[in-house]
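Dear colleague,

I am handing over the structure we discussed. Please look through it below; my notes on what was found follow.

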Amino acid sequence: MASVTLKQVHKRYGKVHAVRGISMEIQDGEFMAFLGPSGCGKSSTMRMIAGLEEITSGDILFDGESIIEKKPSQRNVAMAFETYALYPTLTVYENLAFPLRAAGMKGDEVDRRVQEVGEIIGITEIFDRKPAKLSSGQSQAVGLARALIRKPNVFLLDEPISHLDTSQRFHMRVYLKRLHLEFGHTMILVTHDQEDAMALSDRVAVMSEGILHQVDTPRNIYENPLDLFVAGFIGNLPMNFIDAQVKREDGYFYLVNKAMRVPLPEVFTPKAEAGQLPEEVVIGIRPYHISLVSSDTPGSVSAEIFVVEALGDMNVATVQLNGQRLQAVCPTTYRAAPHTPVALAMKAEHTLLFDKASGRRVPADR
Amino acid sequence: MIELRGVTKRFGTTLAVRNLNFTCHEGEFLVLFGPAGAGKSTTLRLIAGITEPSYGEIFLRGESLNGVPPERRNFSMVFENYALYSHLTVFENLAFPLRARGMPDAEVRRRVQEMAALLHIEGMTDRKPGYLSGGQRQRVALGRGLIRDAEIYLLDEPISHLDARLRIQMRAELKNMCLEKHRTVIHVTHDYKEAMALADRVIVLNKGRIMQDAAPEEVYHCPANDFVASFVGDPPMSFIKVSYREGEGGPAFILPEAGIVLRAAKDFGGRAAEKARTGSEIKLGLRSNQVSLFTTADQLNCYEARVYLVEAQGHRNLVTVDFQDNLVQISTSPETTWQVGQQVWIGLDPRFFHVFVDGRAVYHPDRNIVFSSIA
């Protein structure tokens with residue numbers, strides 16, 4: 001196991017600047033996710049760590065030692081779900097024991113290690129079988145066991161879950177997270193799926209267009225996104241964004257646009273008083289923090305229903321406000337036809353503000 | 001409007017779908033939902049007439065479609081692999097179904113612009129498909145399928161390749177459009193949220209068979225069997241293996257090794273009890289928001305467990321606990337903290353038990369109680 005340090009890592013493919021100066025520190029034993037849409041540079045970064053791609057400039061260190069001159073085989077990096085060529089003439093047990101013996105490990109210790117890994121992965125019952133007699137899931141498990149048995153410095157998972165269906169996904173998440181808990185490897189998950197990244201990792205590195213936007217714990221990424229990109233990318237229901245201006249009327253501050261006028265949440269008042277709020281802002285609020293209320297509620301905003309979706313554990317109302325669509329989570333009993341007039345209330349304590357020009361979040365004074 | 005009677009499709013020795021019987025009514029949004037290999041796309045292709053049933057018949061307004069070629073069915077289909085014309089621009093791809101029906105140019109232009117705006121692709125109508133991302137191509141394919149008037153719209157995973165944010169937006173657009181225009185749609189997906197959000201009615205398929213045919217709320221709250229229960233929900237239901245006993249205190253579920261007795265709900269009895277008496281494998285199904293989690297034992301109906309896994313998902317912390325070798329998932333507030341291995345107590349309220357006997361559901365909780373508990 002090792003810590004992994006990236007220092008100003010760049011990758012260019014001809015004219016394409018795929019990774020643009022990424023620096024971060026991954027702790028020994030940490031579960032880190034590289035998260036972003038396709039083309040964000042997450043896979044290139046992972047491949048540079050594995051040694052499958054050369055680094056254009058910068059440095060990568062394992063436990064403080066540069067590894068960029070080392071071949072992939074010398075880095076001791078494991079990739080999950082690679083199709084490991086198992087030896088067809090050897091049993092599952094021998095397939096696991098072979099690399100250990102080849103590395104000079106003694107008989108007793110080999111057996112102890114094979115049993116230990118086999119039990120955690122849950123394959124001791126198929127130890128006697130030959131690879132040809134395994135189902136695809138079983139061969140995958142044996143491949144995984146063989147990757148883990150040699151105690152790699154870093155364990156890389158490249159989109160291991162995204163193609164699975166709902167119930168397989170839940171099982172695979174539990175499995176991967178338990179694997180990390182049991183073995184304590186430094187693990188890096190590469191994914192475009194924010195739910196997988198949030199559920200599995202200790203910290204998430206959010207990337208887009210070769211740039212690292214934020215590295216933080218899932219909770220901080222969710223609650224305190226640094227910019228509009230992170231805010232919009234994280235969350236099982238997308239965050240609502242509303243353009244508005246900060247205006248002072250009769251001594252009070254308001255967030256105003258053509259369709260609404262709501263009081264500026266108090267946590268921003270000191271900044272507004274000090275003239276530190278940009279005039280043009282983007283309000284960010286998650287669907288969980290907008291509720292449908294009666295139209296005489298002070299500070300509420302009128303809108304009309306676009307569609308209501310009943311998802312089982314919650315209903316999601318999409319409403320139209322000034323040609324814009326917003327989503328709000330509502331009770332499972334709520335139903336309404338398109339065009340039904342409604343009023344919305346935004347929870348002040350969960351209202352985020354972003355500078356429209358820079359996209360950066362304006363921190364509140366709490 | 002369209003009815004499948006005993007439809008079976010055989011490919012060589014494989015039965016892709018077996019004895020399908022269902023009807024899609026006029027103006028209905030019907031979703032075919034299931035895992036890979038369930039037979040969803042095959043069913044859609046049978047309705048479209050791209051493949052013919054091996055046995056059984058498909059009727060449109062009571063008339064058999066046997067032998068009627070796809071081009072004479074006036075159905076509009078969207079394929080998962082897009083099937084766009086690569087030599088035509090986005091505009092011409094969208095215009096194609098309209099021009100093919102001789103629509104005047106001005107009307108074509110108006111409809112194409114309207115559809116492009118709806119799908120957020122208005123800036124790229126001059127481009128050819130080769131210059132679009134996968135998500136953009138998928139939206140063009142969806143637009144081309146929806147742009148013309150057809151009797152039935154057949155949509156095969158039409159938004160599955162979009163990014164999460166866009167997919168949720170497009171889901172709402174699609175639902176609204178079909179409601180407003182009163183369209184008849186048969187939509188295929190493997191995503192349960194998409195199925196729930198869009199459908200008037202869901203048909204759950206697995207291995208070519210219908211597992212359940214019901215309204216989405218029904219599928220969620222009253223899954224017909226443990227397959228549906230394990231496939232629907234975020235997360236899907238957790239299961240606890242038990243045995244059944246009728247003692248002096250009334251019907252109860254037992255975990256014999258731990259000596260735990262879980263009393264059944266007050267209205268558990270009749271046919272459900274009879275099935276439980278005679279069945280061999282009994283499981284309790286639990287939704288993650290109907291189990292509570294405590295750090296002390298001083299609550300009613302609570303039992304010792306150990307934290308197995310914690311997933312911080314932003315809007316909630318999803319905690320998996322090991323309860324007598326059963327993994328049970330519990331939704332907790334994002335403000336709570338839990339440690340793996342921590343000793344905890346789970347609150348099991350018998351009013352929220354779904355009961356499965358040999359895989360089939362025999363009892364579901366009263367939905368009014370469930371609604372009031374999560375509202």
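The contact between the chains comes first: 36 residues of chain A are in contact with 38 residues of chain B. On the side of chain A that touches chain B, four elements each supply at least two residues: α6 (166-183), α7 (194-200), α8 (218-223) and β16 (301-310). Of these, α6(A) gives the largest share, with seven residues. By residue class, this side of chain A divides into 18 nonpolar, ten polar and eight charged residues.

Please keep in mind that this is a predicted model. For the complex, the predictor gives an ipTM of 0.89 and a pTM of 0.88. Chain B has an average pLDDT of 93, and 99% of its residues score at least 70. Within chain B, the element with the highest mean pLDDT is strand β10 (residues 209-214), at 98. The lowest mean, 72, belongs to helix α10 (residues 367-374) of chain B.

On domains, the assignment for chain A gives domain 1 (4-233) and domain 2 (240-355). The centres of domain 1 of chain A and domain 2 of chain A, taken over C-alpha atoms, are separated by 40 Å.

- The peptide bond between D234(B) and P235(B) is cis, with omega about 0°. P235(B) sits in the loop between α8 (226-231) and β11 (238-247) of chain B.
- N19(B), a residue other than glycine, has a positive phi, near 50°. This residue is found in strand β2 (residues 14-24) of chain B. N19(B) counts as partly exposed because it has 15 C-beta neighbours inside 10 Å.
- Y82(B) is not a glycine either, yet its phi is positive, about 70°. Its place is the loop between β6 (75-78) and α2 (90-99) of chain B.

Is Y82(B) buried or exposed? There are 20 other C-beta atoms within 10 Å of Y82(B), and a residue is buried at 20 or more, so Y82(B) is buried.

Regards

Technical notes. Residues are numbered from 1 along each chain as its sequence is written. Chains are lettered from A and ligands numbered from 1 in the order in which they are written. This is a predicted model: local features need pLDDT of at least 70, side-chain atom pairs count only at pLDDT 80 or more; totals for chains, interfaces and linings use all residues. Two residues are in contact if their C-beta atoms, placed from the backbone, lie within 7 Å. Ala, Val, Leu, Ile, Met, Phe, Trp, Tyr, Cys and Pro count as nonpolar, Asp, Glu, Lys and Arg as charged, and the others, Gly among them, as polar. Domain bounds come from an automatic or database domain assignment. pLDDT is the predictor's confidence in each residue, from 0 to 100. A residue is buried if 20 or more other C-beta atoms lie within 10 Å of its own, exposed if 12 or fewer, and partly exposed in between; C-beta atoms are placed from the backbone.
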